[in-house]
Amino acid sequence: MDLCRSSILLLIIALLSPRTLSMRYELKSSKTKCIGEEIHENAMSIGKYFIVNPNEDNHPLPDSHKIIVKVMPPQGKNLHEADKVEAGQFSFTAYENGSYVACITAIDYKPETTLTIDFDWKTGVHSKEWTNVAKKSQVDMMEYQVKTLMDTVISIHEEMYYLREREEEMQELNRSTNSKMAWLSFGSLVVCLSVAGLQFWHLKTFFEKKKLI
């Protein structure tokens, strides 16, 4: 019981903490970097990316600074594709549980160039970005907090429902495994007894032929 309560507490803490993937990394020409995110069914997800301009005077990016972006679900068609772009964004609602992957490829260019890429990916409550619509007034701020709290509660409910489904699947798997192990043990016992009986019969026949018994 304590383990169950601890699991629920850890789940709530995880849901209330920011679920945002934000990173900056370097990518050489023709190289690819893929980033995966575990997303549950019906969860909203948004992302944006852009190439950091290496020119301090804000000149346009050189031709070498282009990327190819693909966002892929656990199975099925790509959710987002962009070819030879400098920046972009994507959004989708997950239609199944699983790992969703975003892959960014720097175009093949000679001489080899190193690109710096900013990538931001938000999932669940944080993808709705209520802060963009929150006002300074007291009423609007309270409304914003209520909406955020409601979304958090819904997310917790969905996560717990998903966790319960996984627990039922594991219990069914355990029952199936135990049943198979029982049959395997019974079969092994039958085989052992059969082999022992055949050995006994063979030895008895051998000794009778030799007239030892």
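Of the 213 residues of the chain, 25% count as buried, where buried means under 20% relative accessible area, exposed means over 50%, and partly exposed falls in between (1.4 Å probe, protein chains only). The model is a predicted one, so local features need pLDDT of at least 70 and side-chain atom pairs count only at pLDDT 80 or more, while totals for chains, interfaces and linings use all residues. Residues are numbered from 1 along each chain as its sequence is written, and side-chain values use heavy atoms, with hydrogens and water left out.

On to the layout. The chain has two helices and eight strands; helices (H or I, at least four residues) and strands (E, at least two) are DSSP runs, numbered from the N terminus. Read from the N terminus on, the order is α-β-β-β-β-β-β-β-β-α. As for contacts (heavy atoms within 4.5 Å), take those in the chain with a separation of 6 or more: residues 24 or more positions apart account for 73% of them.

Next comes the inside. In soluble globular proteins, nonpolar side chains tend to be buried together. A nonpolar core here is a set of buried Ala, Val, Leu, Ile, Met, Phe, Trp, Tyr and Cys residues joined through side-chain atoms within 4.5 Å. The largest one has 23 residues, and the members that touch the most others are Tyr49, Ile67, Ile104, Phe119 and Trp121. At least two residues of this core come from each of strand 1 (20–28), strand 2 (32–39), strand 3 (44–51), strand 4 (67–72), strand 6 (87–93), strand 7 (98–106) and strand 8 (114–123). Isoleucine 67 shows how such a member is surrounded: leaving aside residues up to four places away in sequence, the partners it touches include Tyr49, Ile51, Val85, Ile104, Leu115 and Ile117. Asp83, Lys84 and Thr105 are also among the residues touched by isoleucine 67.

Serine 64 sits in the loop between strand 3 and strand 4. With a relative accessible area of 6%, serine 64 is buried. Not counting residues up to four places away in sequence, serine 64 touches Ile107, Tyr109, Thr113 and Leu115. Serine 64 and leucine 115 are 51 residues apart in sequence, yet their C-alpha atoms are 8.7 Å apart in space.

Then there are the cysteines. A disulfide is a covalent bond between the sulfur atoms of two cysteines, and the cut-off used here is a pair of cysteine sulfur atoms within 2.5 Å. Searching the whole structure turns up one disulfide. Cysteine 34 and cysteine 103 are the two joined, with an S to S distance of 1.9 Å. This pair links distant parts of the chain, 69 residues apart, with cysteine 34 in strand 2 and cysteine 103 in strand 7. The torsion about the S-S bond is about 110°, so the disulfide is right-handed. Cysteine 34 is partly exposed at 43% relative accessible area, whereas cysteine 103 is buried at 11%. Cysteine 192, at 51% relative accessibility, counts as exposed.

Charged pairs come next. Side chains of opposite charge can pair when their charged atoms come close. The structure holds four salt bridges, each being a side-chain nitrogen of Lys or Arg within 4 Å of a carboxyl oxygen of Asp or Glu. One of them brings together lysine 66 and glutamate 86, at 3.0 Å from N to O. Lysine 66 is in the loop between strand 3 and strand 4 and glutamate 86 is in the loop between strand 5 (80–85) and strand 6, so the bridge ties together parts 20 residues apart in sequence. Glutamate 86 is partly exposed, at 31% relative accessible area.

Arginine 166 pairs with glutamate 169, their closest N and O atoms being 3.8 Å apart, and both lie in helix 2, three residues or about one turn apart. Arginine 175 and glutamate 172 form a salt bridge at 2.9 Å, N to O, and they too are three residues apart in helix 2, about one helical turn. Arginine 175 is partly exposed at 49%, as is glutamate 172 at 45%.
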